[in-house]
Amino acid sequence: MPDIYADTSDGVISKSASSYTSAREASSGTVNSSGQGVVGVAAEYIQGRRGSIFYNVRRSFFAFDISGISSCTAATLNLYGSSDASSDDGIIVLRSTAFGGDGATALAAGDFNAIHGWNGGGAMLNNSTPYGNGQTSGWSLTGYNSITLDQNNIANIIGNASNNYLLLAVVDYAYDYLKVGPPGVNNIGIWFSDSQAGKRPYLEITTGHESTGNSVNTVLLADIAK
């Protein structure tokens, strides 16, 4: 059951604008790849701007090197929560096309809409590839939050010689994924890979070759010579 830690190129891309649509459907945003970040959608009152409301959309992206994995019978994404959170209205994990689409390049401002199957406009529902829903309540701020991923979708990526990386996007479910204007601030905090070792995002994969007591180093006992 190998644990694969996200590359240090992971991070959050955020966009702010005076309208929800302009922020959510922008072609690029601001990249932050250090420490901790936020996934969410927020309608925030900006002081000093005559009572203006500004909208912030934040999406996190992760790249996992799966070149050494040949099979998958279960997969779990583990994200360490941070104190920078104001809600737990839910997140969803989607297939991404960020990092150049192959994990070979750094996270870029233009990756803001790098979600497989989505054209950058309208709801992501039915126009993206979901890998697993996040928790809708009880998001831990002081430990790992485990998100069960769709094993069948993950297995389609793992073992494919042309896919050395599994690329994931984590977005707000209630307001970004479904495209619903937020009533207030809805953020979930996450630590990234350049944080403390005990807080790095990691992917836990069950390959189907773990020992069950009837094998040694993945070799069945019946196949081991006396």
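Lys179 counts as partly exposed, with a relative accessibility of 33%. In this predicted model, Lys179 lies in the loop between H3 and strand S11 (185-191). Its phi is near 55 degrees, a positive value in a residue other than glycine.

**Backbone geometry in loops**

- Most residues other than glycine have a negative phi.
- Asn126, which is not a glycine, has a positive phi of about 70 degrees.
- The loop that holds Asn126 runs between strand S7 (91-95) and strand S8 (130-133).
- Asn126 is exposed, because its relative accessible area of 71% lies over the 50% cut-off.
- Lys179, at 33% relative accessibility, is partly exposed, and its positive phi is near 55 degrees.

**Aromatic pairs**

- Six aromatic pairs occur in the structure.
- Tyr144 and Tyr202 form one of them, an edge-to-face pair with 5.0 Å from centre to centre and 80 degrees between the planes.
- This pair links distant parts of the chain, since Tyr144 belongs to strand S9 (residues 144-148) and Tyr202 to strand S12 (residues 202-206), 58 residues apart.
- Tyr144 is partly exposed, with a relative accessible area of 28%, whereas Tyr202 is buried, at 14%.
- Tyr173 and Tyr177 form a stacked pair, because their planes stand at 25 degrees, under the 30 degrees that set the limit for stacking; their ring centres are 5.3 Å apart.
- Tyr173 and Tyr177 are four residues apart in helix H3 (residues 173-177), so about one helical turn separates them.

**A charge over a ring**

- The charged end of Arg59 sits over the ring of Phe112.
- The distance from this charged end to the centre of the Phe112 ring is 4.1 Å.

**Strand pairing around S2**

- Strand S2 (residues 11-17) and strand S5 (residues 52-65) run antiparallel and are joined by seven bridges.
- Opposite Ser14 stands Arg58 in S5.
- S2 also pairs with strand S3 (residues 30-32), in the antiparallel sense and over three bridges.
- Val31 in S3 is the bridge partner of Ile13.

**The largest pocket**

- The largest pocket holds about 170 Å³ of space.
- Its lining consists of 15 residues, of which Arg95, Gly101, Asn163, Tyr165 and Leu167 are the closest to the pocket centre.
- Strand S10 (residues 165-172) supplies the largest share of this lining, three residues.
- By class, the lining residues divide into eight polar, five nonpolar and two charged.

How values were computed
Residues are numbered from 1 along each chain as its sequence is written. This is a predicted model: local features need pLDDT of at least 70, side-chain atom pairs count only at pLDDT 80 or more; totals for chains, interfaces and linings use all residues. Side-chain values use heavy atoms; hydrogens and water are left out. Rings of Phe, Tyr and Trp (its six-membered ring) pair if their centres lie within 6.5 Å; planes under 30 degrees apart count as stacked, over 60 as edge-to-face and the rest as tilted. Helices (H or I, at least four residues) and strands (E, at least two) are DSSP runs, numbered from the N terminus. Buried means under 20% relative accessible area, exposed over 50%, partly exposed in between (1.4 Å probe, protein chains only). A charge sits over a ring if NZ of Lys or CZ of Arg is within 6 Å of the ring centre and within 35 degrees of the ring normal. Two strands pair if DSSP finds at least two bridges between them. On a 1 Å grid over the protein atoms alone, a cavity is a set of points where a 1.4 Å probe fits but cannot get out, and a pocket is an open set with protein on both sides within 12 Å along at least five of seven lines; lining residues have an atom within 4 Å of a point. Grid points are joined across faces, edges and corners, and a volume is the space filled by probe spheres set on the points. Ala, Val, Leu, Ile, Met, Phe, Trp, Tyr, Cys and Pro count as nonpolar, Asp, Glu, Lys and Arg as charged, and the others, Gly among them, as polar.
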